[in-house]
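Student: I have a model open in my viewer and would like to learn how to read it feature by feature. Could you take me through it?

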Amino acid sequence: MPELWRLIDLERDWDSLFRFPGAMTEAQFRPSVDVARKEGQLIVTAELPGIDPDKDVEITLDDDYLTIGGEKSEEREMTSNDRVVHERRYGSFVRRVPVPEGVSADKITASYVDGVLTITVVLPEETQPLEPRKIPVSSTKT
């Protein structure tokens with residue numbers, strides 16, 4: 001039987017064994033996403049610096065999920081005296097946000113400003129949040 005610590009290392013490094021050189025892992029580029037309800041709308045913001053939203057981002061509504069997917073690539077060139085170094089990194093990402101049933105794709109808008117993607121989803125009337133109320137907890141002593 002193999003030693004346990006070797007199996008753990010293999011599981012941790014599995015992705016790196018089959019990743020192309022320069023490819024970003026999901027942990028290297030997993031955009032931060034914030035979701036908030038405000039005035040009958042669901043506001044989703046995703047930090048996507050350095051991305052061309054026209055070419056590199058796709059937003060879809062399917063099965064009550066809003067999916068933000070795309071690709072990010074970075075290229076740097078450093079020149080020093082008689083040397084030139086090129087570095088390239090690339091990878092894809094997908095973030096899924098559940099939305100209430102009945103959301104219409106026609107009532108979703110998206111904008112990209114200063115590296116931040118903002119998606120506004122108009123919520124159906126019946127899914128407006130209820131006023132918070134306290135729920136009593138009953139207990140029985142034995």
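Tutor: Gladly. Let us start with a charge over a ring: this is counted if NZ of Lys or CZ of Arg is within 6 Å of the ring centre and within 35 degrees of the ring normal. Here the charged end of Arg96 sits over the ring of Tyr65, 4.1 Å from its centre. Some ground rules: residues are numbered from 1 along each chain as its sequence is written, and side-chain values use heavy atoms, with hydrogens and water left out. This is a predicted model, where local features need pLDDT of at least 70 and side-chain atom pairs count only at pLDDT 80 or more, while totals for chains, interfaces and linings use all residues.

Student: How many aromatic pairs does the structure hold?

Tutor: A pair of aromatic rings is described by the distance of the centres and the angle of the planes. Rings of Phe, Tyr and Trp (its six-membered ring) pair if their centres lie within 6.5 Å; planes under 30 degrees apart are stacked, over 60 edge-to-face, and the rest tilted. By that rule, this structure has zero aromatic pairs.

Student: Which strands form the open sheet?

Tutor: Strands of a sheet pair through backbone hydrogen bonds, either parallel or antiparallel. Two strands are called paired if DSSP finds at least two bridges between them. In this model three strands make an open sheet, ordered β3-β4-β5, with antiparallel pairing. Because β3 (57–62) and β5 (83–98) stand at the edges with a single partner strand each, one side of each is left without a neighbour in the sheet. Neighbouring strands of this sheet are turned by 10° against each other on average, direction ignored; the axes behind such angles are lines fitted to C-alpha atoms, for helices over the stretch in contact, and angles run from 0 to 180 degrees between N-to-C directions.

Student: How many bridges join β3 to β4, and how many join β4 to β5?

Tutor: Six bridges link β3 with β4 (residues 65–80), and one to look up is Ile59, whose bridge partner in β4 is Ile68. Between β4 and β5 there are 16 bridges; there, Lys72 has Gly91 of β5 as its bridge partner.

Student: Where should I look for positive phi values?

Tutor: Most residues other than glycine have a negative phi, and most peptide bonds are trans. Asp64, in the loop between β3 and β4, has a positive phi near 60°. The hairpin of β4 and β5 also has two residues between its strands, with Asn81 at a positive phi near 50°. In the loop between β6 and β7 you will find Asp114, whose phi is positive, near 50°.

Student: Is Asp114 buried or exposed?

Tutor: Buried means under 20% relative accessible area, exposed over 50%, and partly exposed in between (1.4 Å probe, protein chains only). Asp114 is exposed because its relative accessible area is 76%, whereas Asp64, at 35%, is partly exposed. Across the protein, buried residues make up 23% of the 142 residues.

Student: What does Thr120 touch?

Tutor: Contact means heavy atoms within 4.5 Å. Thr120 is part of strand β7 (residues 116–122) and is buried, with a relative accessible area of 17%. Leaving out residues up to four places away in sequence, Thr120 touches Gln41, Leu42, Ile43, Lys107, Ile108 and Thr109.

Student: And what does Asp56 touch?

Tutor: Asp56 belongs to helix α2 (residues 53–56) and is partly exposed, at 24% relative accessibility. With residues up to four places away in sequence left out, Asp56 touches Ile51, Gly69, Gly70 and Glu71. Asp56 and Gly69 are 13 residues apart in sequence and 8.3 Å apart in space, C-alpha to C-alpha.

Technical notes
Helix = DSSP H or I, 4+ residues; strand = E, 2+ residues; numbered from the N terminus.
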